[in-house]
Amino acid sequence: MARRLLPSKSIKKSPKGCGIQATNEVVTRVPQSTQTEMEAAVAAAKEAYPSWSNTTILSRQQTMFRLQHLIRSNMKRLAENITLEQGKTLVDAEGDVFRGLQVVEHACSATTLGLGEALPSIAANMDTHSYRLPLGVCAGITPFNFPAMIPLWMFPLALVCGNTFVLKPSERDPGAAMILMELVKEAGIPQGVVNVIHGQHKAVDFICDHPDIKAISFVGSDRAGQYIYERGSKKGKRVQCNMGAKNHGVIMPDANKEHTLNQLVGAAFGAAGQRCMALSTAVFVGEARQWIPELVERAKKLKVNAGHEPGADLGPVISPEAKKRILELIQSGVEEGARLELDGRKVEVAPQYSNGNFVGPTILTGVKPSMRCYKEEIFGPVLVGLEVDTLDDAIDLINTNPYGNGTAIFTTNGATAHTFTNKIDVGQVGVNVPIPVPLPMFSFTGSRASFLGDSNFMGKAGIKHSKILLAGIGKG
């Protein structure tokens, strides 16, 4: 039997249904799973595995078709829940669901994703072939910032490959994951194939240690990712961990100014900067530094409000603790000599949201690589600006930074773009595209300190993470 551990009903709702982070009022309680419940979840997944893994690929594909339709039909419901629990604007929340939906649509290509290989006549009367077979019970540990997209990065590909799954959503906003579980059931996926546990450290340790869990997927902070990778790997599990980032946008003087400034503002402050692909660092090359005043003026026009309010460009950050840390990092930049071009620390919002976790768009310039605000991932609506003289200086700066999640260059010169993409040592590169997240048929290829593991998320690498490759030689 599946262990879909549902949260209790909402016990208190904020004014006008706005998000918890806008008022810091309780909107929902969710039960913390006991050891017995967590054991039962894995037991259910293990029990369901033989039957599910032997289900035909066409049958598993059909469940993905149905799940795709149900998610699309429930897009608004999912987005409203994300805004309620996480705080992001409805537009951002719909994007969260949509990007996850694309992975489900990619999973519908199951009949080609799982192909093996064959080579006849490698010797006299001898052929060789390989099969991609499921691993068994897999698990996912997901962050607060994308409550729908990240779970959908994980369990659809695992399921369509024939695995069963245990999901631990973020304890801060598990509602979207629970709605997805309702849709999983409605899509006809059998009991026990997908299971949810709730909790924090004990639940993470449980997933890392349980002998029946064969693979772990994680997206979240550096510290947690390093811990999960080390602990899970020592137990012989496959582990993939997407972690921190410090994404740079290089602005060349020949770039299209209107396009570049608009893209910078959206990529730096959208989702309140709480995404691992946020363009949190601008590198102004040469005369491009003259554009900073115009960038500041555009950022000033962004509207900070509760996520459900019409016209909101960015909502609150996830918690009072997150807000406190963001403010500390802003202050550290000021104390270390950065210029505070735009200060969002005392942003004004409507009185009913005065207790919310709001930080307005903030811009620090004159930042140096030695400053704490540059070295640490702020994970808030803060753009730090550095100034260099040449493209090579910008490339050296980015390649020296330990993170390798994403980067972008803004230029109208093809040779400049080609030089940048060839010399840069970062997993994902955008040319005049500020957030170069690939479509799901390609892999999300964060690198260096931003990723631990052998197989990335999505694409062929995501399938590889969920499959074991067996080779056989046959003699005629």
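This is a predicted model: local features need pLDDT of at least 70, side-chain atom pairs count only at pLDDT 80 or more; totals for chains, interfaces and linings use all residues.
Leaving aside residues up to four places away in sequence, Ser170 touches Thr142, Pro143 and Phe144.

Strand 3 (residues 137–141) is joined by five bridges to strand 6 (residues 213–219), and the two run parallel; Gly140 stands opposite Ser217 in strand 6. Strand 3 is likewise joined to strand 4 by five bridges, again in parallel, and here Cys138 has Phe165 of strand 4 as its bridge partner. As background to these pairings, strands of a sheet pair through backbone hydrogen bonds, either parallel or antiparallel.

How many of the residues of strand 3 are buried? Five of its five residues are, so that the strand is described as mostly covered. In a regular strand the side chains alternate between the two faces of the sheet.

Seven strands form it in the order 10-11-12-9-8-14-15, with mixed pairing. Its edge strands are strand 10 (339–342) and strand 15, each pairing on one side only, and from one strand to the next the twist averages 20 degrees. Strand 14 and strand 15 run parallel and are joined by four bridges, with Ala408 having Gly430 in strand 15 as its bridge partner. Helix 12 (residues 292–300) packs on this sheet, where it touches strand 9, strand 10, strand 11 (362–365) and strand 12 (382–388), and its direction makes about 50 degrees with that of strand 10.

Within helix 16 (residues 414–423), Thr416, Ala417 and Phe420 are buried. Why do these residues lie on the same side of helix 16? They cover an arc of only 100 degrees around the axis, and therefore share one side of the helix. An α-helix has 3.6 residues a turn, so residues three or four places apart point the same way. On the other side of helix 16, Gly414, Ala415, His418 and Asn422 are exposed. The cover over the buried residues of helix 16 includes strand 8 (248–251), helix 15 (391–400), strand 14 (406–410) and strand 15 (428–431). At the start of helix 16, the backbone nitrogen of Ala415 has a side-chain oxygen of Asn413 within 2.8 Å.

The cysteines raise a separate point. A disulfide is a covalent bond between the sulfur atoms of two cysteines. A search of the whole structure finds zero disulfides, and the distances for two cysteines can be set against the cut-off of 2.5 Å between sulfur atoms. For Cys241, the closest cysteine sulfur is that of Cys208, at 8.2 Å, which is too far for a bond. For Cys276, the closest cysteine sulfur is in Cys241, at 13 Å, and this distance too is too far for a bond. Cys241 is buried, with a relative accessible area of 0%, and Cys276 is also buried, with a value of 18%, which falls under the 20% limit for burial.

Asn24, in the loop between helix 1 (20–23) and helix 2 (35–53), has a phi near 60 degrees, a positive value in a residue other than glycine. Ala271, in the loop between helix 11 (257–269) and strand 9 (281–285), has a phi near 55 degrees, again a positive value in a residue other than glycine. Are these residues buried or exposed? Asn24 is partly exposed, because its relative accessible area is 35%, whereas Ala271 counts as buried at 9% relative accessibility.

Technical notes: Residues are numbered from 1 along each chain as its sequence is written. Side-chain values use heavy atoms; hydrogens and water are left out. Contact means heavy atoms within 4.5 Å. Buried means under 20% relative accessible area, exposed over 50%, partly exposed in between (1.4 Å probe, protein chains only). The arc is that of the directions from the helix axis to the C-beta atoms. A polar contact is a pair of N or O atoms within 3.5 Å; within protein, one must be able to donate a hydrogen and the other to accept it, and residues adjacent in sequence count only if both atoms are side-chain atoms. Two strands pair if DSSP finds at least two bridges between them. Axes are lines fitted to C-alpha atoms, for helices over the stretch in contact, and angles run from 0 to 180 degrees between N-to-C directions.
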